[in-house]
Amino acid sequence: MTTVTEAPPLAPTPVEEPRRPRRRGRLVPYWLLLPGILWLLVFFALPMVYQASTSVQTGSLEEGYKVTWHFATYWDALSEYWPQFLRSVLYAGVATVLCLLLGYPLAYLIAFRAGRWRNVILVLVIAPFFTSFLIRTLAWKTILADGGPVVGALSSLHVLDVTSWLGITAGERVLATPLAVVCGLTYNFLPFMILPLYTSLERIDGRLHEAAGDLYAKPFTTFRKVTFPLSMPGVVSGTLLTFIPASGDYVNADLLGSTDTRMVGNVIQTQFLRILDYPTAAALSFILMAAILVMVTLYIRKSGTEDLV
Amino acid sequence: MTDTNGDVRLSGISKTYGSFTAVHPLDLTVPQGSFFALLGASGCGKTTTLRMIAGLEEPTTGTVALGDQDVTALPPYKRPVNTVFQSYALFPHLDVFENVAFGLRRRGIKSVKKQVEEMLELVQLGEQVRKKPHQLSGGQQQRVAVARALINHPKVLLLDEPLGALDLKLRRQMQLELKRIQTEVGITFIHVTHDQEEAMTMADTVAVMNAGRVEQLGSPAELYENPQSTFVANFLGTSNLIEAEVDAKSGDEIIVKAADSKLVLPAARCSAPASAGGKVLVGIRPEKISLTHADDAGSIPEGRNRITGTIADASFIGVSTQYVIDSPVCDEFAVYVQNIERDGRLVPGAEVVLHWSPAHTFGLDANQDIDAGVESVEEEAAA
């Protein structure tokens with residue numbers, strides 16, 4: 001009761017005094033935002049506009065390119081390179097699923113079972129970032145080299161017979177096959193899956209597991225009905241962080257693949273840097289971007305995580 | 001009550017964490033259908049005991065039995081026991097209906113609608129079925145937690161400080177509510193709390209725990225009127241404890257000497273061995289004492305215990321006035337006097353005589369900390 005009666009006389013004092021600092025303070029957030037906004041304008045918005053205009057230009061290297069609103073470039077690019085698009089989505093999709101299957105148990109272990117080893121394992125997850133992406137991918141070239149221990153082991157276990165039959169390896173080779181590219185993608189993007197999964201698992205109140213057990217849920221049912229649904233924000237952000245960069249990636253396909261495993265990223269890179277067909281490259285980039293946006297939107301709608309995040 | 005199939009029996013149950021003993025070997029029987037409270041300050045082992053009954057904690061030694069069934073080795077999901085967790089642990093991704101239906105669905109019951117609706121009616125939440133836990137108030141969440149546990153018709157419902165997160169007014173209301181529900185469904189409730197008033201209001205039987213042991217077990221009135229240790233005397237309400245020497249034992253009465261006063265207490269109410277010359281602690285509750293001004297000392301009837309003193313402090317509470325009396329036997333004697341007819345002379349500095357019926361006096365073993373249980377009450381109040 002005393003707190004209620006004392007409240008009114010306290011109120012007027014704070015209103016009188018901080019009026020002056022508050023007015024100036026109101027603009028501070030905008031000033032703090034300014035560098036970021038400028039950065040986005042110069043390095044994101046302007047290049048996008050520039051790319052968009054490039055994609056509707058015609059001309060040649062010698063005569064120069066002019067904006068002619070030639071939208072046919074989009075159609076031509078799509079009809080010529082649809083297999084690479086499809087392959088990108090497929091490889092990135094498979095790599096994402098593999099990342100989820102590998103990453104979820106690991107994230108679960110770190111969040112609930114690691115105890116004092118938690119930070120050590122987290123550092124190990126991030127450790128690969130201390131080396132260049134390129135070097136790590138090149139290392140996979142050595143790991144999967146023809147006649148190397150990995151290929152030898154897979155061969156003697158007759159795994160390669162199965163994978164060759166499935167068409168994801170070729171005879172006694174793993175390098176320069178779809179399997180190698182997917183392995184590279186999975187490896188390179190695994191931390192982007194583990195970290196968001198870990199964050200959302202770690203936030204789950206341990207008492208919810210106890211409560212589920214108390215309410216007759218066996219451990220696996222507890223996982224299915226409580227843990228997994230509550231980790232959905234992590235699953236969604238993890239799959240997005242893996243799928244989006246993986247579908248635009250070209251390094252893995254370039255270093256570990258062959259001409260038969262070219263992804264759309266490789267095509268864009270070649271168009272821009274070797275063939276110098278800027279309009280096609282720009283159009284391909286926009287198609288890729290639009291495709292990812294549509295897929296991501298559908299995915300988020302489907303997984304219904306809006307109110308969980 | 002005669003049916004013992006639902007009794008909870010703890011035999012020699014204990015729990016140690018490394019070198020720390022949370023619960024010392026403990027034997028406890030909670031009769032079926034009773035409202036049982038485990039009362040104690042934080043860290044006294046009451047929650048650990050509860051969690052061992054639930055199966056969330058494995059006992060280091062001893063067994064837990066429900067009726068004839070030894071459940072010690074059973075995981076929680078196989079025990080016919082449900083828990084209302086401290087801060088509720090409601091599933092945030094499920095709405096009220098699904099939270100309450102959770103236990104039924106796990107046991108493979110298909111048609112849950114009717115049962116869930118009835119249960120939500122019982123806890124007066126019929127309107128909130130499709131809300132998520134975070135859209136509910138603290139009191140409503142608490143009801144969901146109770147409904148979610150009760151719908152399974154457990155043999156025992158365990159409540160782990162279920163009202164701790166609520167404000168005082170709501171807590172009072174929920175105490176009555178829980179008591180009503182318990183009477184209505186007739187399930188055994190084991191309630192863990194640090195709030196002595198809560199335990200006394202709700203429970204039929206209270207076990208007072210201290211440092212991993214049960215200090216005393218009994219009905220609230222029995223514990224209050226006849227505490228067996230200084231911890232219980234101080235933790236449950238307030239007690240005036242006087243260090244005294246046994247003067248003589250005559251029949252069913254013990255006569256003790258404290259400073260210049262002689263006090264009488266019934267031998268049946270003395271939990272300590274009393275032999276002439278030995279020490280005992282004599283206890284009296286502050287509301288049992290009458291206060292008379294020294295000038296009127298002659299009007300006090302014979303046969304009452306009396307002590308003289310000076311009023312050190314008086315605070316008017318409304319229904320009563322609480323006095324602190326400075327006396328030769330105890331320098332902070334608490335006396336609560338009902339405000340029926342107030343004597344204007346009873347102000348700080350006044351010479352007074354405290355007197356009470358010997359039947360209200362109790363005796364305790366002098367070989368214990370006279371202030372045990374005092375600090376823990378204050379700590380809880382501060383927290």
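Domain bounds here come from an automatic or database domain assignment. On that basis, chain B of this predicted model splits into domain 1, spanning 8-225, and domain 2, spanning 237-382. Taken over C-alpha atoms, the centres of domain 1 and domain 2 of chain B sit 38 Å apart. The UniProt record, an unreviewed entry, carries the annotation "domain: ABC transporter" over residues 8-236 of chain B.

Now for the packing. The largest nonpolar core runs to 109 residues, and I53(B), A147(B) and I190(B) have the most contacts inside it. Helix α4 of chain B (residues 138-150) puts in the largest share of this core, namely six residues. Domain 1 (8-225) and domain 2 (237-382) of chain B both hand over residues to this core, so the core lies between them. Zooming in on I190(B), and leaving aside residues up to four places away in sequence, its contacts are V8(B), V30(B), F36(B), L38(B), L50(B), I53(B), V156(B), L158(B) and L159(B). Another core, of 49 residues, lies apart from that one, and C99(A), Y104(A), F192(A) and I194(A) are among its members.

Next comes the sheet in chain B. Four of its strands make an open sheet, ordered β2-β1-β4-β5, with antiparallel pairing. The edges are taken by β2 (20-30) and β5 (69-70) of chain B; each has a single partner strand, so one side of each is left without a neighbour in the sheet. For β2(B), the pairing with strand β1 of chain B (residues 8-17) is antiparallel and extends over seven bridges. Along this pairing, L10(B) stands opposite L28(B) in β2(B). One of the residues touched by I190(B), V8(B), falls in the span 8-17 given for β1 of chain B, while another, V30(B), falls in the span 20-30 of β2 of chain B.

That leaves the contact between the chains. Chain B brings 16 residues to it, and chain A brings 16 residues too. On the side of chain B that touches chain A, β6 (81-84) and α2 (96-106) each supply at least two residues. The biggest giver on that side is α2(B), with three residues.

Technical notes:
Residues are numbered from 1 along each chain as its sequence is written. Chains are lettered from A and ligands numbered from 1 in the order in which they are written. This is a predicted model: local features need pLDDT of at least 70, side-chain atom pairs count only at pLDDT 80 or more; totals for chains, interfaces and linings use all residues. A nonpolar core is a set of buried Ala, Val, Leu, Ile, Met, Phe, Trp, Tyr and Cys residues joined through C-beta atoms within 7 Å. A residue is buried if 20 or more other C-beta atoms lie within 10 Å of its own, exposed if 12 or fewer, and partly exposed in between; C-beta atoms are placed from the backbone. Two residues are in contact if their C-beta atoms, placed from the backbone, lie within 7 Å. UniProt positions are given in the numbering used here, feature names are shortened, and annotations may be inferred rather than shown by experiment. Two strands pair if DSSP finds at least two bridges between them.
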